[in-house]
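Here is a short report to read alongside the model.

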Amino acid sequence: YQKIKNCAPPPGAIVSPSVGVEGAALPCLYSNNTIEELNERHKEEQVLALSGILSPYHKRAAHTLYANVSRLITITKDEAKIGFLTLTFPDNVKDHKEAYARFNSLNNNYLKKHPEFGEWIAVKERQKRGSWHYHLLTQLKDDIRHGLSFDRLQKGDYSTANPYLKYLWKELRENLPKYGLGRSELLPIKSNKEAMSRYLGKYISKHLGAREETDKGVRLINYSKGWSKNSS
């Protein structure tokens, strides 16, 4: 994993130029680096390095995730109505079944019924300390990006958020504890759909760095029901 972050294959790894699904090139989204700033040759080296590491399942899942993120943003038609929501557990849940049970309860009893939330894509990630987080890309009813200063946001100044985004923050603060969830962060996306696909996709490779033996077979990606998505 440490070698992956430096875009080089580990010693002894067999690196094959044949990457992707059915001969298609794997999208370069599996790095923790800011890959949008790298040149095309460097991107290709990253993908080739990872081709000997990722299992066929993770390759398919990451490729499908890339396509579905792009599709979700496209069908929403307005990127300002897409939110990136991070969900955590106050008691640092380490059991993947318990984490999913709480998230599933939130979805069935809150997200599905709330008029402000639409379709979503969720990526499940284990932190290095062992606890699980969820990262969702979700449709929203209105614009949450207008007026927001990302520069001021990075300095801890949330005052530029528009009234609708502040309303959603309040909603989440009041309702997430009911489903065993803790601190959350909902923000608009500030990049295009290709960059957002890569950003979400990096959690697949991040998860591999903190993976435990009990994680074998754990579903890392979930989708809301009801929209036409690509399947791996």
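## Salt bridges

D157 and R152 join their side chains in a salt bridge, with N and O 2.9 Å apart; the term covers a side-chain nitrogen of Lys or Arg within 4 Å of a carboxyl oxygen of Asp or Glu. D157 is partly exposed at 25% relative accessible area, and R152 is partly exposed at 38%. Here buried stands for under 20% relative accessible area, exposed for over 50%, and partly exposed for what lies in between (1.4 Å probe, protein chains only). The model is a predicted one, in which local features need pLDDT of at least 70 and side-chain atom pairs count only at pLDDT 80 or more, while totals for chains, interfaces and linings use all residues. Residues are numbered from 1 along each chain as its sequence is written, and side-chain values use heavy atoms, leaving out hydrogens and water.

By this rule there are 4 salt bridges. One of them pairs E174 with K170, at 2.6 Å between the closest N and O atoms. These two residues are 4 apart in helix α6, so about one helical turn separates them. E174 is partly exposed at 42%, as is K170 at 43%.

Which residues are linked in a network of salt bridges? They are D91, E98 and R102. Within it, R102 meets E98 at 2.7 Å, N to O, and the two sit 4 residues apart in helix α4, about one helical turn. R102 is buried at 15% relative accessible area, whereas E98 is partly exposed at 33%.

## The nonpolar cores

A nonpolar core is a set of buried Ala, Val, Leu, Ile, Met, Phe, Trp, Tyr and Cys residues joined through side-chain atoms within 4.5 Å. The largest one has 31 residues, and L87, L106, Y134 and L136 touch the most other members. Elements giving two or more residues to this core are β1 (82-87), α4 (96-111), β2 (117-126), β3 (132-140), α6 (163-175) and β4 (184-188). Apart from this core lies another of 15 residues, including A61, V69, V123 and L220.

Beyond its neighbours within four places in sequence, L136 has contacts (heavy atoms within 4.5 Å) with residues including F84, L87, F103 and W120.

## The overall fold

The protein has 7 helices and 5 strands, taken as DSSP runs numbered from the N terminus (helices H or I, at least four residues; strands E, at least two). Their order from the N terminus is α-α-α-β-α-β-β-α-α-β-α-β. Of its 232 residues, 47% count as buried.
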